Structures are given as structure tokens and as C-alpha cells.
Amino acid sequence: MIHSTAIIIGAGHSGLALSRLLSRRGVDHQIFDRGRVGQNWRAHRWNSLRLLTPNWANGLPGTPYDGPDPDGYMPVSELITRMDAYAATIHAPVQCQTEVERVRRIGDMYRVETNRGFYSSDTLVLATGAAARPCIPHVANDVPAQIFQTTPAAYKTPDDLPPGGVLVVGASASGVQLARELRLSGRDVTLAVGGHVRMPRQYRGRDIEHWLHVTGLLDEPAEVIGDPTRVRRIPSPQLIGGADAVDLNALQVLGVDVVGGLSAIRDGQALFSGGLAHQVASADLKMHRLLDHIDNWADRAGIETRLPPSNRPSPTYLKSAPPLSLDLNNDRVQSILWATGYRPDFSFLDMAVFDRRGGLKHHGGVADAPGLYVLGLPLQRSRSSHQILGAGPDCEHIARHLVQFINARRAA
């Protein structure tokens with residue numbers, strides 16, 4: 001059995017960033033990935049997707065973005081090319097096509113069982129990210145058999161769906177982007193909207209990501225946030241990697257039918273919440289609070305008078321009475337796309353490290369087992385933990401803790 005000081009599971013941006021730091025500290029390690037470098041980006045993203053964050057925010061630690069369009073939005077293909085180059089530059093010890101099937105702690109080591117054999121390590125880092133498995137609600141079991149069902153992880157283009165209308169469930173970033181794409185392809189689209197986050201792509205001449213960065217919102221640590229559990233469940237904002245608007249107003253102009261959140265399916269009838277007006281009012285209110293925060297910060301920084309005027313988005317428009325049901329048996333809807341989020345997948349861990357809801361117990365990425373770490377979870381240490389921009393600080397924290405753990409063990 002091959003032994004390493006550290007094993008990293010996942011060769012995405014976090015796993016690679018940590019590998020660079022461990023190599024610089026002289027820590028021998030291996031990286032296992034079930035596919036290739038950046039496998040989730042390769043296999044589980046749709047073809048037209050561009051990153052939600054501007055290019056300037058997508059440089060990996062040690063290699064900031066140096067391309068010609070820092071304010072543009074990178075297609076996934078370019079990100080994959082950059083990740084491949086990064087892995088080669090740092091000589092990352094990646095073992096591709098290595099599926100981790102089971103991890104146990106035996107004595108003071110981790111035993112890692114893979115499809116290519118058995119390995120052991122003193123420490124283990126889970127870098128498989130927060131979007132390893134789509135969340136599909138139980139109501140999917142009640143969908144009539146003739147309806148095709150899919151998720152953003154499996155969807156590539158509108159041609160993947162059978163002809164006919166589509167019900168998109170979920171109005172976070174994935175849901176609104178795919179509702180727009182499907183509508184522009186000529187489909188009848190109904191969007192079921194629950195809780196969501198509305199933001200303008202641009203505000204006062206700058207990308208919204210710029211404002212989140214310079215005002216310090218992205219750097220807010222989990223410890224200062226009143227209810228971090230709630231914040232971790234907040235959907236991704238209604239943005240697209242580009243200048244187009246994908247909020248509910250823009251989608252309705254395109255002809256997307258907007259309804260409340262999907263609450264049940266009974267006898268072929270999709271039933272929607274009657275609380276849509278409350279949901280959109282809440283999203284609008286929170287958006288204006290964010291923009292107020294930006295304006296106040298600009299005023300304190302002495303730049304408010306040098307910025308373009310504060311032209312804010314119009315209030316969300318809704319029909320006076322959005323329908324509360326949709327007949328799935330009348331051939332109008334042929335597909336349902338479950339844009340209902342993702343969750344991590346640590347099912348290979350055969351260890352008592354989970355809370356009562358099945359979440360991995362950790363504090364700032366340091367898990368409740370000796371030498372066990374995690375990277376890339378929402379609000380792991382700060383609001384930017386799940387972004388490429390947040391990988392550097394979080395990996396530095398984990399690398400320091402891991403080295404201290406190893407040194408303490410060797411000194412004992």
C-alpha cells in the first residue's frame with residue numbers, strides 16, 4: 001500500500017491550489033480525481049456557460065489572470081485550459097481516473113480505497129467542492145412517467161430535451177440562465193420561482209463583483225455573520241456571465257411564464273406556491289439594501305461624486321394572478337429541468353464526521369477528525385470560500401494547519 005503524508009481528493013481549483021502550497025512546504029502528497037483535472041467543469045456544465053465572476057477574479061493562486069479581457073467572462077473551455085496549464089506548471093501529482101470508493105481511519109492513518117488500489121495517508125483533504133451532486137426534491141418521484149427529467153449537471157444544449165415545453169424549477173443562477181437559453185431556442189418555458197437573490201450585473205459603472213470585493217463583503221468571515229447556516233443556503237444570484245439581464249423582468253419580456261415555487265405534484269398537476277409576490281418583494285428589498293451599502297461605502301471612500309448616477313433596476317413585475325397549477329398531462333410540458341441546487345458528496349467517508357442533517361462537521365475547513373480537512377464549501381471561512389477568488393486564502397489556512405498537525409505528530 002502506497003503511503004503519503006497527504007492525499008487530496010479532487011483536482012479542481014481548490015485541490016490544485018492546495019497542492020501548490022504543499023509542494024512549496026515540502027509535503028509529499030497525491031491528488032486523486034475520478035476523471036481529469038477540473039472534471040466537474042468538463043462533464044457537468046452546459047455548453048454555453050460562462051463564469052459568473054469577471055476574468056480578473058478567476059486567477060488561481062500564483063497565476064493571476066493575464067489575458068486581454070479582465071472585465072470579460074470566461075467560457076468553461078478556457079477555464080479548463082487554464083487549469084490544465086496550472087496543474088502542469090506546479091507539477092501537481094494528479095492521478096486521473098482514480099475513483100475514491102471508501103475512506104476509513106485505521107489507527108492514526110487514513111486508508112483510501114480506490115478503483116486502482118489501496119493507499120494510506122497521515123492527512124486527508126476533501127476538495128470535491130460543494131457542487132458534486134444535484135439536489136433533486138422528492139416531488140420528482142411524482143412526475144408523470146412521460147415527462148423527461150434532467151438537471152443542469154446533465155444538460156448541455158436545448159437539443160438534449162425532447163421537443164415541447166419545459167418547466168424549469170428553481171430561479172437561482174442556473175435556473176434563470178437555462179430558462180433564458182431554452183426560451184431563446186423557441187421553447188415554451190415556465191419558471192417556478194422560490195427564494196432567490198436579485199442583483200444587477202453592473203452598478204454605477206462597475207461589475208457587481210467589483211463592489212462585493214472592494215466593500216469587503218466577500219471577505220466577511222463566517223464568525224461575524226449572524227446566521228451562517230442560513231447564509232450557506234442562500235441561492236446563487238440571478239446573474240449570467242455577460243451583460244445580459246436574466247432577472248424575472250428580463251425573462252418575462254422574452255416570454256417566460258413565471259410562477260411560484262413548486263410545492264407538489266398530484267395526479268399530474270404541478271402545484272405552485274401562492275407566495276410569489278412575497279418572494280419577489282423580499283428579493284427586491286434585499287437588492288436595494290445591498291445597493292444602499294455600496295452607495296454608503298462609496299460616500300465614505302470619497303468617490304461617490306465621481307461615479308455614474310445610481311440607476312437601479314425597476315421593481316419586479318408580476319402578472320396580477322400567476323397560475324397556481326400546471327397540467328403535466330396535456331402535452332404542453334414535455335420536460336422538467338431541476339435547477340434546485342447542488343450538495344457536496346462525501347458518501348465515500350466511512351467515518352462518524354457528519355451532523356444530524358448529514359453535513360460534514362468542520363470549523364473553517366478543519367473537520368472533526370485528526371488531519372481531515374475540506375475545501376470549497378459555501379461560507380467555509382468567508383463569503384468567497386466557494387469562489388476561485390477565495391481558494392487562495394482558504395488553502396493557505398488549511399496548508400498551515402496541516403503542516404502544524406504533521407509537525408506536532410512527528411514531535412510527539
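These legends describe close-up views of a predicted model.

**View 1. The largest nonpolar core.** This core has 62 residues. Leu16, Leu18, Val168 and Leu191 are the residues with the most contacts inside it. Helix H9, which covers residues 391-411, gives the core its largest share, seven residues. Apart from this core lies another one, of 22 residues, including Val112, Ala130, Phe348 and Val353.

**View 2. The surroundings of valine 168.** Val168 is among the residues with the most contacts inside the largest nonpolar core. Neighbours within four places in sequence are left aside in this view. Valine 168 is then in contact with Gly175, Ala179, Leu182, Val189, Thr190, Leu191, Ala192, Leu337 and Ala339. One of these, Leu191, is itself listed with Val168 among the residues with the most contacts inside the core.

**View 3. Histidine 91 in a loop.** Histidine 91 sits in the loop between helix H3 (76-89) and strand E3 (94-95). Its phi is positive, about 55°, although histidine 91 is not a glycine. Is this residue buried or exposed? Histidine 91 counts as exposed because its relative accessible area is 66%, and exposed means over 50%.

**View 4. Arginine 204 between two strands.** The loop that holds arginine 204 runs between strand E11 (202-203) and strand E12 (206-207). Arginine 204 is a residue other than glycine with a positive phi, near 50°. Arginine 204 counts as buried because its relative accessible area is 7%, and buried means under 20%.

Conventions:
Residues are numbered from 1 along each chain as its sequence is written. This is a predicted model: local features need pLDDT of at least 70, side-chain atom pairs count only at pLDDT 80 or more; totals for chains, interfaces and linings use all residues. Side-chain values use heavy atoms; hydrogens and water are left out. A nonpolar core is a set of buried Ala, Val, Leu, Ile, Met, Phe, Trp, Tyr and Cys residues joined through side-chain atoms within 4.5 Å. Buried means under 20% relative accessible area, exposed over 50%, partly exposed in between (1.4 Å probe, protein chains only). Helices (H or I, at least four residues) and strands (E, at least two) are DSSP runs, numbered from the N terminus. Contact means heavy atoms within 4.5 Å.
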